[in-house]
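Please read the numbered points below beside the sequence and the 3D view.

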Amino acid sequence: MKAVTINTLNDIKHAGEKFAVLTAYDSAFARQVELAGIEALLIGDSLGNVVLGYDSTVPVSMDDMVHHTAAVTRGNSKSLLIADLPFMAYATPEQTLSNSARLMQAGAQMVKLEGGEWLCPSVRMLADRGIPVCGHLGLTPQSFNKLGGYRVQGRDEAGAEQIVLDARRLQDAGADLLVLECVPTQLATRITKALTIPVIGIGAGPNTDAQVLVLYDMLGISPRVPKFTHNFLAETGDIQGALMAYAEAVRSGTFPRPEHSFK
Ligand code: KIV
């Protein structure tokens, strides 16, 4: 695989093909994921749940994210590295800029942040200063207290229209990618068609431009496994085989299946 850039991912979308993304938190797994030809690695704040033993992503700090981003960077040379800004690390545009700079200096090539239109000034500020941005809409786990739990979003018309509007605004503000988490397949399909930037789904059905899963979920070693994931290790029996099976299933459109999606 050649080094993946934003242009690579845009070209894949515009050729009508799909790419695969997985989370990674350390250099050993980063090497394995890259070897499997996965186009992008997300140093997700799911780190809190699956590695650090917290009940949510809320306790994850900037120091945690910088430490794990640097570790993943040391194990990777070709996949595009996206790092999450954790809870309250992007409450103001100035804070977003200084914390994004820390992640980029640790090796990230793009930062991800959760939320809609209110983030546009921050996204614009990052884009203007050369920092690529991935938005995250639908179920935004850092806001689970406000959302009343980990629930599918955009099931009613008003909720769906708000997500469509937020997606357009983030793109217009300069976002390069968008993650859509736990939204009905029909809504994810509509947003994927409406946006020119690649849309990455998780629990968003099969029609997005890419899929992302939490690495430990798809290896079957997470404490709690959500409906939208699949244990690829159980099928293949070895880690490299599981990662390659995931990449192939995403590219061929055989994952996710209807039982991993929401109506
Ligand atoms: O933190 C994470 O792993 C994420 C994915 C679930 C998209 O944000």
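The points below concern a predicted model, and each can be followed by finding the named residues in the view.

1. Start with T69. This residue belongs to helix α4, which covers residues 62–75. Is T69 buried or exposed? Its relative accessibility is 0%, so T69 counts as buried, because buried means under 20% relative accessible area.

2. Next, consider what surrounds T69. Leaving aside residues up to four places away in sequence, T69 touches I43, A83, L103, A106, G107 and A108.

3. Now turn to the charged pairs. How many salt bridges does the structure hold? The count is 8. Three of them are taken up here, namely K13 with D209, E161 with R190, and R257 with E259.

4. The pair K13 and D209 has its closest N and O atoms 2.9 Å apart. Which parts of the chain does this pair link? K13 sits in helix α1 (residues 6–14), while D209 sits in the loop between β7 (199–202) and β8 (210–213). The two residues are 196 residues apart, and the pair links distant parts of the chain.

5. K13 has a relative accessible area of 11%, so K13 is buried. D209 has a relative accessible area of 8%, so D209 is buried as well.

6. E161 and R190 meet through their side chains in a salt bridge, at 3.0 Å from N to O. This pair also links distant parts of the chain: E161 is in helix α8 (residues 157–173) and R190 is in helix α9 (residues 185–194), 29 residues apart. E161 counts as partly exposed because its relative accessibility is 35%. R190 counts as partly exposed because its relative accessibility is 39%. Partly exposed covers the range between the buried limit of 20% and the exposed limit of 50%.

7. The last pair is R257 and E259. Their salt bridge has its closest N and O atoms 2.9 Å apart. Are these residues buried or partly exposed? R257 has a relative accessible area of 36%, so R257 is partly exposed. E259 has a relative accessible area of 44%, so E259 is partly exposed too.

Methods
Residues numbered from 1 in each chain as written. Predicted model: local features only at pLDDT ≥ 70, side-chain atom pairs only at ≥ 80, totals over all residues. Heavy atoms only, no water. Helix = DSSP H or I, 4+ residues; strand = E, 2+ residues; numbered from the N terminus. Buried < 20%, exposed > 50% of the residue type's maximum accessible area, 1.4 Å probe, protein only. Contact = heavy atoms within 4.5 Å. Salt bridge = Lys/Arg side-chain N within 4 Å of Asp/Glu carboxyl O.
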